[in-house]
Amino acid sequence: MAQPLYVTSLDMGQAGKHNVIIVVTENDSVYAIDADNPGAGPLWQRSYVDPANGITTAPDTSNAMGGQVGISSTPVIDANTGVLYFVTAISNNGVVQQWLRAVDVRTGKDAGAGSMQIQASVPGDGKGSVNGQIPFDPTVENQRAGLTEVNGSILVAWGSFSDWGVYHGWLMAFDPKTLALQAVFNPTTQYQAIDPANGPSDHGGGGSFWQAGAAPAVDANGNIYLNAANGSFNANSGGNNYGDTLLKLKLNGSSFQIEDWFTPSSEACMDVEDLELGSGGVALIPTDFTNGSKYAIALSKEGRLFMLNTDTLGKFNAGGPDQIAQEFMIGEQSCSDPSPIDTEGPGWNRLYGNLSYWNGNIYAGASSLALKQYQFQNGLLNPTPVATSPTTYGLRGANTVVSAHGNQSGIVWAYEKTTTGQGILHAYDATSVSTELWNSMMDSTRDALGEGIGFSTPVVVNGRVIVTYDTRVGIFGLLQ
């Protein structure tokens, strides 16, 4: 489920230099693959299961992960040290545990401390509180958001297994050498008597950080941006609950400080109808087409785009309008009434993951719609798309990346899992996505993928496009 990582010309000692693809799996395995000779077998491999001694992958109690839970999020590689960091979920003789791991990307052997079990708690009287503390529960917390670094610390975020159990969002910072826990943040720590929704984690819970796999965004000043999903919200009245909220945080030594935040005025409806803000990450936009304004763009399951000035995020304005730079619908339905409606399936245009940016253009692929291209004009986005793809995407929409030579030769690469389960990779002209250049089904005998992976994101590097599907990694390049 995680995005592959690519390391160019990695010096692996006696094995020489290789272009390396790092892949992690739900079977708690890590592989280093030679990108130039992938069929030769792994350059190294690590497995964190040992069935003979009772160590297996964690059970998929929620049935949200396809049968087992192992390594679900995209790892991070420290470019200076060459250490690869990731989180494994295991069952240790029936006890579910989560561990932060660190290995040398050149050898696969432990780096520094090697492993640290995830254990944490925060003060609060919200859901799951015991004697004034809310403990981290590894059985219900899904480590889905990608890992990243800020000011020399490793950031790890957790969400839920498809809203199963009493869960919270968690963000933790770890020392990269010792893997010691440095700081913990939980966005829903306070009991809340009145809550629009009434699930197992409402009334003082929820607010997961999952973002369809997207990692927290970090700006040049070390500010951290991430979206909390459905959950209790009372920050507008001085409380500590930030469900459906874009948070701007700062890691200050042993704690995370809230610098600013934004919650849509339709938060209550979004919470009840599972149209959360947290289904996508935060994209920090260059200022070349924004008249110098520093914008962050977030997406929601409702199918709405939110563009905010990172200097003043806007907080909450009851009844609306939201006090932000811009917002508009990419989808074709909107949440207007907090009463039960069906928002899952082809009748709703949800957005997941991150949108892509290139040369003043934004690309967003909502579920059951075509990929849409928007352009900056006079410092803001024109809410009318300048182009749409000839393809309509499945229930998880299109995850995109852009390759280009500066502001020339742009290609939008879009990955989809179709309604039948097929994985398909598409390539569009980035100047107008109405022109499809290629897709993996044009010559299915040569290029077809197997079963697709929801929210999978391609990697484009050195003239190759790398995708994951079923149990495989596909590497596409120019035809010779």
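Reader: What do the side chains of Asp104 and Arg106 do?
Author: They meet in a salt bridge, 3.1 Å from N to O. Keep in mind that this is a predicted model.

Reader: Okay. Is Asp104 buried or exposed?
Author: Asp104 counts as buried, because its relative accessibility is 19% and the cut-off for buried is under 20%.

Reader: And Arg106, what is its relative accessible area?
Author: It is 30% for Arg106, so that residue is partly exposed.

Reader: How many salt bridges turn up in the whole structure?
Author: A search finds 15.

Reader: Show me another. Which residue does Lys294 pair with?
Author: Asp311. Their side chains form a salt bridge of 3.3 Å, N to O.

Reader: How accessible is Lys294?
Author: Lys294 has 40% relative accessibility, so it counts as partly exposed.

Reader: What about Glu344 and Arg396?
Author: Their side chains also meet in a salt bridge, at 3.7 Å from N to O. This pair links distant parts of the chain, 52 residues apart. Glu344 is in the loop between β25 and β26 (356–358). Arg396 is in the loop between β30 (387–392) and β31.

Reader: How accessible are Glu344 and Arg396?
Author: Glu344 has a relative accessible area of 38%, so it is partly exposed. Arg396 is at 27% and counts as partly exposed too.

Reader: New topic. Where is Asn407?
Author: Asn407 is in the loop between β31 (399–405) and β32 (408–417). With a relative accessible area of 45%, Asn407 is partly exposed.

Reader: What does Asn407 touch, leaving aside neighbours within four places in sequence?
Author: Trp358 and Asn359.

Reader: How far is Asn359 from Asn407?
Author: In sequence, 48 residues. In space, 5.9 Å, C-alpha to C-alpha.

Reader: And what joins the side chains of Asn407 and Gln408?
Author: A polar contact of 3.3 Å.

How values were computed
Residues numbered from 1 in each chain as written. Predicted model: local features only at pLDDT ≥ 70, side-chain atom pairs only at ≥ 80, totals over all residues. Heavy atoms only, no water. Helix = DSSP H or I, 4+ residues; strand = E, 2+ residues; numbered from the N terminus. Buried < 20%, exposed > 50% of the residue type's maximum accessible area, 1.4 Å probe, protein only. Contact = heavy atoms within 4.5 Å. Polar contact = N/O pair within 3.5 Å; in protein donor to acceptor, adjacent residues only side chain to side chain. Salt bridge = Lys/Arg side-chain N within 4 Å of Asp/Glu carboxyl O.
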